Amino acid sequence: LDTLEKWVREIFSEIPNNGLPKPSFGHLTQPFDTPEFHKLYRVVPIRKVHSLTITWALPPQEQYYRVKPLHYISWLVGHEGKGSVLSFLRKKFWALALYGGNGETGFEQNSTYSIFSISVTLTDEGYKHFYEVAHVVFQYVKMLQNRGPDQRQVIWEEIQKIEANEFHYQEQTDPVDYVENLCENMQLFQKEDFLTGDQLLFEYKPEV
């Protein structure tokens with residue numbers, strides 16, 4: 001550590017600090033609030049695949065990194081067991097896979113908005129019924145909204161334990177990638193969370 005600190009001081013100490021705060025674009029709210037973004041777009045893929053992606057632009061969520069509400073929702077949406085969206089669609093022979101979530105960086109999450117997407121890989125039959133597939137997804141999201149998170153603290157705690165286990169038993173990564181990741185974290189999280197803020201869940205807050 002002493003050697004590493006010496007190198008860092010030699011290399012970075014001459015870089016001036018202008019004392020300016022981190023730029024924020026939080027005043028530019030609802031960047032997608034136009035009729036053009038409330039539409040269905042059909043895109044012809046290069047390879048033969050049918051995929052339905054539903055995308056929402058939400059208020060910025062980066063300040064809730066200790067709660068990770070979008071991670072929690074994506075866990076519920078992506079569940080594959082009995083009663084799940086995917087289980088229902090598979091019984092109909094309409095879908096092969098489903099996943100949802102937010103990348104938590106860059107285009108998908110910033111100080112202006114957060115993107116949340118649900119993507120369904122459709123069968124040929126499912127492609128013929130993609131309106132019904134979309135309707136099922138919206139029904140499930142509406143059910144989550146109506147029931148609220150209060151009855152699901154056990155699920156949140158389960159996610160918390162799984163993420164903690166993955167963090168503690170993760171494989172060693174390339175040092176350059178690790179340093180780069182920490183530098184990104186320093187722009188996003190409180191000092192005590194630089195090492196863990198992008199991976200662990202810390203607080204259960206149903207209102208968030």
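In the predicted model, S1, S3 and H5 each supply at least two residues to the lining of the largest pocket. S1 gives the most, with nine residues. The space in this pocket comes to about 1300 Å³. By class, the lining of the largest pocket holds 25 nonpolar, nine polar and five charged residues. Rolling a probe the size of a water molecule over the atoms shows where empty space is left.

The second largest pocket has a volume of about 740 Å³. Its lining has 27 residues. Pro69, Ile73, Leu144, Gln145 and Val208 lie nearest its centre. Two or more lining residues come from each of S1, H2, S3 and H5. The lining of the second largest pocket divides into 19 nonpolar, three polar and five charged residues.

The nonpolar core comes next. In soluble globular proteins, nonpolar side chains tend to be buried together. Here the largest nonpolar core has 26 residues. Val85, Leu89, Leu98, Ile118, Val120 and Val133 have the most contacts inside this core. Several elements give two or more residues to the core: strand S1 (50-58), helix H2 (69-77), helix H3 (85-91), strand S2 (95-101), strand S3 (114-122), helix H5 (130-147) and H6. The largest share, seven residues, comes from H5.

Ile118 shows what such contacts look like in detail. Residues up to four places away in sequence are not counted. On that basis, Ile118 touches Leu52, Thr53, Ile54, Trp56, Val77, Leu98, Tyr99, Gly100, Val137 and Val141. One of these partners, Leu98, is also listed among the core residues with the most contacts.

Backbone angles were examined next. Most residues other than glycine have a negative phi, and most peptide bonds are trans. Lys68 is not a glycine, yet has a positive phi of about 55°. This residue lies in the loop between S1 and H2. Lys68 counts as buried because its relative accessibility is 5%, and the cut-off for buried is under 20%. Phe93 is not a glycine either, and has a positive phi of about 60°. Phe93 lies in the loop between H3 and S2. At 63% relative accessibility, Phe93 counts as exposed, because exposed means over 50%.

A charged residue is found in the segment after helix H7 (175-186): Asp193. Its relative accessible area is 3%, so Asp193 is buried. The side chains of Asp193 and Arg66 are joined by a polar contact of 2.7 Å. Asp193 touches Tyr65, Arg66 and Phe202, leaving aside residues up to four places away in sequence.

Lys161 has its place in helix H6 (residues 153-168). Its relative accessibility is 58%, so Lys161 counts as exposed. Along the chain, Lys161 and Ser114 are 47 residues apart. A distance of 25 Å separates their C-alpha atoms.

Conventions
Residues are numbered from 1 along each chain as its sequence is written. This is a predicted model: local features need pLDDT of at least 70, side-chain atom pairs count only at pLDDT 80 or more; totals for chains, interfaces and linings use all residues. Side-chain values use heavy atoms; hydrogens and water are left out. Helices (H or I, at least four residues) and strands (E, at least two) are DSSP runs, numbered from the N terminus. Buried means under 20% relative accessible area, exposed over 50%, partly exposed in between (1.4 Å probe, protein chains only). A nonpolar core is a set of buried Ala, Val, Leu, Ile, Met, Phe, Trp, Tyr and Cys residues joined through side-chain atoms within 4.5 Å. Contact means heavy atoms within 4.5 Å. On a 1 Å grid over the protein atoms alone, a cavity is a set of points where a 1.4 Å probe fits but cannot get out, and a pocket is an open set with protein on both sides within 12 Å along at least five of seven lines; lining residues have an atom within 4 Å of a point. Grid points are joined across faces, edges and corners, and a volume is the space filled by probe spheres set on the points. A polar contact is a pair of N or O atoms within 3.5 Å; within protein, one must be able to donate a hydrogen and the other to accept it, and residues adjacent in sequence count only if both atoms are side-chain atoms.
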